[in-house]
Structures are given as structure tokens and as C-alpha cells.
Amino acid sequence: MIKVEHLSKHFGNVKAVDDISFNVNEHENLILLGTSGCGKTTTLKMLNRLIEPTHGKIYINNKNILEQQPEILRRGIGYVLQNNGLFPHYTVGENIAIVPQLLKWDKKQTEHRMSELLEKLHLSKDYLNVYPNKLSGGQQQRVGLARALVADPPVLLMDEPFGALDNVTKAKIHAEFKALDELKKKTIIMVTHDVQEAFELGDRICLMDAGKIVQQGTPAELLFKPKNKFVSDFLQEQRLQLEFRSVLLGDIKQEISGFDENETVWSVMEKLKSNGDRSAEFERLMSAFYQYKQHQAHE
Ligand SMILES: Nc1ncnc2c1ncn2[C@@H]1O[C@H](COP(=O)(O)OP(=O)(O)OP(=O)(O)O)[C@@H](O)[C@H]1O
Ligand SMILES: [Mg+2]
């Protein structure tokens with residue numbers, strides 16, 4: 001659905017983005033992961049033409065976006081800015097209504113859509129008349145998400161949408177994010193520098209360094225088949241937890257009653273560990289997981 005070919009952006013001598021190519025399938029969640037300054041935001045901004053590329057091509061639904069009018073292009077793309085990017089002098093309601101206003105929706109339609117979204121994102125209607133700085137960081141990020149989703153665009157670009165949150169709030173929002181129906185039918189590119197978040201939310205990951213993509217693949221591919229030392233070093237911290245989260249029950253060929261093959265070893269462990277009657281299954285799960293790891297290492 002989205003196709004990026006040999007894309008570069010140079011600012012003077014700085015190669016912010018240096019010849020990257022990747023594809024995103026429809027309804028997929030692709031993560032751009034990498035250290036600060038590696039070119040993630042620049043890449044995202046080229047996708048909705050806030051920044052014009054130095055070289056390269058971008059296609060969305062087989063259309064060359066560099067030949068499209070930016071205003072038309074942006075109607076199909078929701079953008080969640082880094083640090084939520086809400087306008088401080090607009091109320092929450094005014095922030096969310098920016099796109100509906102551009103699209104000349106009538107008042108009733110806008111209000112209906114806003115209250116629907118607020119409910120889905122667990123925000124009280126009372127906030128509509130409040131300025132963003134009165135809200136907590138987590139609430140502000142939800143408003144940023146509501147603003148991006150309001151016109152139901154098929155593509156969503158998210159720049160560190162959960163960046164400023166503490167770990168507890170982050171875990172809660174991650175769970176909501178995965179459960180939200182509105183997001184399941186979107187094609188999403190999400191930027192983060194948080195490895196755990198990338199593994200939790202991404203179908204595939206592009207790991208970037210100094211403007212280049214070092215490796216792209218599923219979380220399991222990056223973990224078990226790292227292309228070089230940069231990749232394995234990047235994933236070194238909390239490696240075991242990442243492995244639990246990226247290996248599926250189907251991968252280790254174990255049947256455990258009540259769980260299907262698409263569940264991660266992590267989620268099965270979490271549910272079995274507090275149930276004393278199922279400790280034998282827990283042991284079987286662990287032993288199959290370690291066998292799988294050994295097998296991967298020797299392949
Ligand atoms: N307008 C600009 N002019 C000059 N250099 C720029 C400009 N925008 C970005 N850069 C440089 O391009 C590089 C990539 O920046 P970018 O914002 O894309 O990084 P990032 O991966 O999003 O980083 P972070 O995780 O800190 O947000 C950096 O070296 C940055 O200083
Ligand atoms: Mg950035």
C-alpha cells in the first residue's frame with residue numbers, strides 16, 4: 001500500500017535520510033526504530049510532504065505522492081506529531097475539529113464524530129472546552145490521536161505517540177491501542193526509540209542508524225537473525241523479554257488448551273504462571289521455548 005524507493009533527504013552536508021526503501025502492506029503496523037537523530041521524523045514528514053525529498057519516490061496506493069497536491073494527499077493521512085503537537089491556544093475541541101473544518105463538515109457531523117472518538121479513547125466530554133495544558137500527558141496524547149483519527153483516514157503516521165509517558169501509563173495505552181477497532185483497519189507507520197514498544201506494537205520493524213535502514217523484518221527476524229552487531233547490540237537490553245514477546249505458541253509447536261497458536265509465549269506464560277494447577281504446562285512451554293531458541297541459534 002505504501003512504497004518508499006531510494007528515499008533521501010540532505011540538509012546541507014547532513015544526510016538525514018540516506019537512500020532508504022521499504023514497503024508497508026495494507027493494515028500493517030510498521031515501526032521505524034532507532035536512536036535520536038537517525039532520521040525517523042524526517043522520513044515520516046516526507047510521507048505527507050511536510051518535507052520534500054532530495055531523491056527518491058514514494059507511492060501510496062500506487063500513486064506517486066510527489067505528483068499529488070499536498071492538501072489532497074493529507075486528507076488521506078492522519079499525523080500524530082512528536083510531543084503531541086497540540087495547539088496550546090486552541091481548546092481540545094478546537095484542536096480535534098481542525099480537519100473537519102478544512103473539510104467543511106457541518107457542526108452536527110463534527111460533534112457526533114468527536115463524541116464518538118472521545119468515548120472510544122476514554123476521554124471525558126468535559127475536556128472539549130479545556131486547553132491542552134490542563135490535561136495530563138497521557139490525556140494529551142489521546143487528544144493528539146483523536147485529532148489524527150477524526151476524518152477516518154486510511155493511513156496513520158505516528159511520531160513517538162507514547163514517548164513522554166511513564167511505563168505504567170504506557171502499558172495501559174498500548175493495550176488500548178491494540179484493542180481499538182478504528183486502528184485495525186489502518187495502515188500505520190509509527191516512530192519510536194523504545195525497543196519494547198516496537199516489539200509490542202509492530203508487525204514489522206525497520207531499524208535505522210545514521211539515515212539508513214540497517215535491517216527490516218519481523219521482531220523475531222531481528223532477534224534471531226540479526227544482520228550485524230549493531231542490530232544485536234540494539235536489542236541486547238531485556239533480550240529475553242523481547243524473545244518471549246516475539247515467539248508464538250505456533251512457532252514452538254506446542255498445543256496448550258485454551259490458547260491459540262498466534263498467542264505469544266509471553267502472554268501464555270503470564271496467564272499460566274498464576275495457576276498452580278497448570279505448572280506442568282508452564283514447564284512444557286519453557287522447555288519448548290528453549291529448544292526453539294537453540295534450534296534458531298544453530299540454523
Ligand atoms: N530542518 C533541518 N535542517 C538541518 N538539519 C536537520 C533538519 N531537520 C533534521 N535535521 C537533522 O537531520 C537528522 C535527522 O533528524 P530527525 O529529526 O529525522 O531525527 P529523529 O530520528 O526523528 O530523532 P529523534 O529521535 O531525536 O526525534 C538530525 O541530524 C537532525 O539534526
Ligand atoms: Mg524525531
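Start with the shell around ligand 1: its residues divide into 3 nonpolar, 6 polar and 2 charged. The model is predicted: local features need pLDDT of at least 70 and side-chain atom pairs count only at pLDDT 80 or more, while totals for chains, interfaces and linings use all residues. Residues are numbered from 1 along each chain as its sequence is written, chains are lettered from A and ligands numbered from 1 in the order in which they are written, and side-chain values use heavy atoms, with hydrogens and water left out.

**Stop 1: ligand 1**

Select F11, A16, S36, G37, C38, G39, K40, T41, T42, Q82 and E160; these residues surround ligand 1. A residue is near a molecule if one of its heavy atoms lies within 4 Å of it. Helix α1 gives the most to this shell, with 3 residues. Helices here are DSSP runs (H or I, at least four residues), as are strands (E, at least two), numbered from the N terminus.

Now show the polar contacts, pairs of N or O atoms within 3.5 Å; within protein, one must be able to donate a hydrogen and the other to accept it, and residues adjacent in sequence count only if both atoms are side-chain atoms. Take G37 to begin: a backbone N or O atom lies 2.8 Å from an oxygen atom of ligand 1. For K40, pick a polar side-chain atom; it sits 2.8 Å from an oxygen atom of ligand 1. At T42, a side-chain N or O atom is 2.5 Å from an oxygen atom of the ligand.

How much of ligand 1 does the protein bury? Taken alone the ligand exposes 640 Å², and the protein buries 60% of that. These areas come from the Shrake-Rupley method with a 1.4 Å probe; for residues, only the protein chains shown count as cover.

**Stop 2: the magnesium ion**

Select ligand 2, the magnesium ion. Its protein donors are T41 (OG1) and Q82 (OE1), lying 1.9 to 2.5 Å from it. T41 is in helix α1 (residues 40–47) and Q82 in the loop between β6 (77–80) and α3 (92–96), so the pair ties together parts 41 residues apart in sequence. Donors are N, O and S atoms within 2.8 Å of the metal (3.2 Å for Na, K and Ca); water is not among the atoms, so sites may look incomplete.

T41 is partly exposed at 23% relative accessibility. Q82 is partly exposed too, with a relative accessible area of 34%. The classes are buried (under 20% relative accessible area), exposed (over 50%) and partly exposed in between, with a 1.4 Å probe and protein chains only.

**Stop 3: salt bridges**

How many salt bridges are there? The count comes to 21. The rule asks for a side-chain nitrogen of Lys or Arg within 4 Å of a carboxyl oxygen of Asp or Glu.

Select R142 and E176. Their closest N and O atoms are 2.9 Å apart. This bridge links distant parts of the chain, from helix α6 (residues 137–149) to helix α7 (residues 167–179), 34 residues apart. R142 is buried, at 11% relative accessible area. E176 is partly exposed, at 23%.

Go on to R245 and E200. Their side chains meet in a salt bridge, 2.9 Å from N to O. R245 lies in helix α12 (residues 239–246) and E200 in helix α9 (residues 195–201), so the bridge ties together parts 45 residues apart in sequence. E200 is partly exposed, at 24%.

Stay on α12 and pick E243 with K293. This salt bridge has an N to O distance of 2.7 Å. E243 lies in α12 and K293 in helix α14 (residues 279–298), so parts 50 residues apart in sequence are tied together. Is E243 buried or exposed? E243 is buried, with a relative accessible area of 3%. K293 is partly exposed, at 24%.

Then select R113, E116, K120 and E182 together. A network of salt bridges links them.

**Stop 4: backbone details**

Select N61, in the loop between β4 (55–60) and β5. Its phi is near 50 degrees, a positive value in a residue other than glycine.

Move to N64 in strand β5 (residues 63–64). N64 is buried, at 15% relative accessible area. A polar atom of the N64 side chain lies 3.0 Å from the backbone nitrogen of L66.

Finish at K253, in the loop between α12 and α13 (265–272). Phi of K253 is near 55 degrees, again positive in a residue other than glycine. K253 is exposed, with a relative accessible area of 70%.

Definitions and conventions
Ala, Val, Leu, Ile, Met, Phe, Trp, Tyr, Cys and Pro count as nonpolar, Asp, Glu, Lys and Arg as charged, and the others, Gly among them, as polar.
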